[in-house]
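Below are my notes on the model, as numbered points. Please read them beside the structure.

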Amino acid sequence: MKAAPVFEAGSHRWWIIYDQDEHRVIDSNVYVMESNEQSIILDPGGFEIFPQVFAALVEAVPPSSLKAAFVSHQDPDIASSLPLWHACNEKMEWHIPKLWEGFIRHYGALDAPLQNIDDEGGSVIIGGRRLEFIPAHYLHSSANFHVYDPEAKILFSGDVGAALLPPGHDAWVDRRDKTGRAFAEHISKAKYFHERWMPSNAAKKNWIERVSQLDIQYLCPQHGAIYSGDNVKRFIDWFDKLNVGSATA
Ligand SMILES: [Fe+2]
Ligand SMILES: [Fe+2]
């Protein structure tokens, strides 16, 4: 995996860590926000990819700057690395959905400091910058949050926006996509994921109303590639129209 910059304004930076070498497990993105020499890691990933993520993280920020981790929901590709990160830095605080505390403890590190996020959401301040925890329940997990950075205009959107891309993929859906052609090509790799993993059209509507009030320049999913500029609106409009929560059996 490798680290690439997403946003930079003075001491305020965002990074994506992406493109696993090992594809026996689902390809996942990890994000890092750094401000004034403090940092937070978002959806730090699975036990299996911890060495790759850690090696890439070192290219971006000193591991000693990590003050916190954010966990959008309980899945193993999000949080099963918890005991390994905790062994590296036992002071890191873990912001997790309150509903999932007893389940996330099954990953180990029973003494790790967990900060529960109530269903209404909340926020954390890292290096003087406030990140907001935006409720995204049932997208796809029953207690699920996204993270909004109002200064960088970044929405970390967890599994929403996810696409299943081949090895060697780019970190971005083409940033100069004037016509939407690159978006159309990309979204064909996102369709099945949303239809099958997102269970509720009502939850989807609720999320769309919530995020439509945010100024978003970069929509950053935990699988696939980043949507920027016009492609953010293209994605939200596409998701609005998609019928989700169906399986054939
Ligand atoms: Fe998930
Ligand atoms: Fe995921």
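1. Which residue of β10 does proline 135 stand opposite? Proline 135 faces phenylalanine 145. Strands β9 (residues 129-135) and β10 (residues 145-149) run antiparallel and are joined by four bridges; strands here are DSSP E runs of at least two residues, helices H or I runs of at least four, both numbered from the N terminus.

2. This is a predicted model, in which local features need pLDDT of at least 70 and side-chain atom pairs count only at pLDDT 80 or more, while totals for chains, interfaces and linings use all residues. Residues are numbered from 1 along each chain as its sequence is written, and chains are lettered from A and ligands numbered from 1 in the order in which they are written. The chain has a mean pLDDT (the predictor's confidence in each residue, from 0 to 100) of 97, with 100% of residues at 70 or more.

3. The open sheet has six strands in the order β8-β9-β10-β11-β12-β13, with mixed pairing; two strands pair if DSSP finds at least two bridges between them. At its edges, β8 (122-126) and β13 (227-228) each pair on one side only.

4. In helix α7 (residues 201-211), the buried residues are Ala203, Lys204, Trp207 and Val211 (buried: 20 or more other C-beta atoms within 10 Å of the residue's own; exposed: 12 or fewer; partly exposed in between; C-beta atoms placed from the backbone). These lie on the same side of α7, because they cover an arc of only 100° around the axis, taken from the directions from the helix axis to the C-beta atoms. Exposed Ala202, Lys205 and Glu209 sit on the face turned away from that side.
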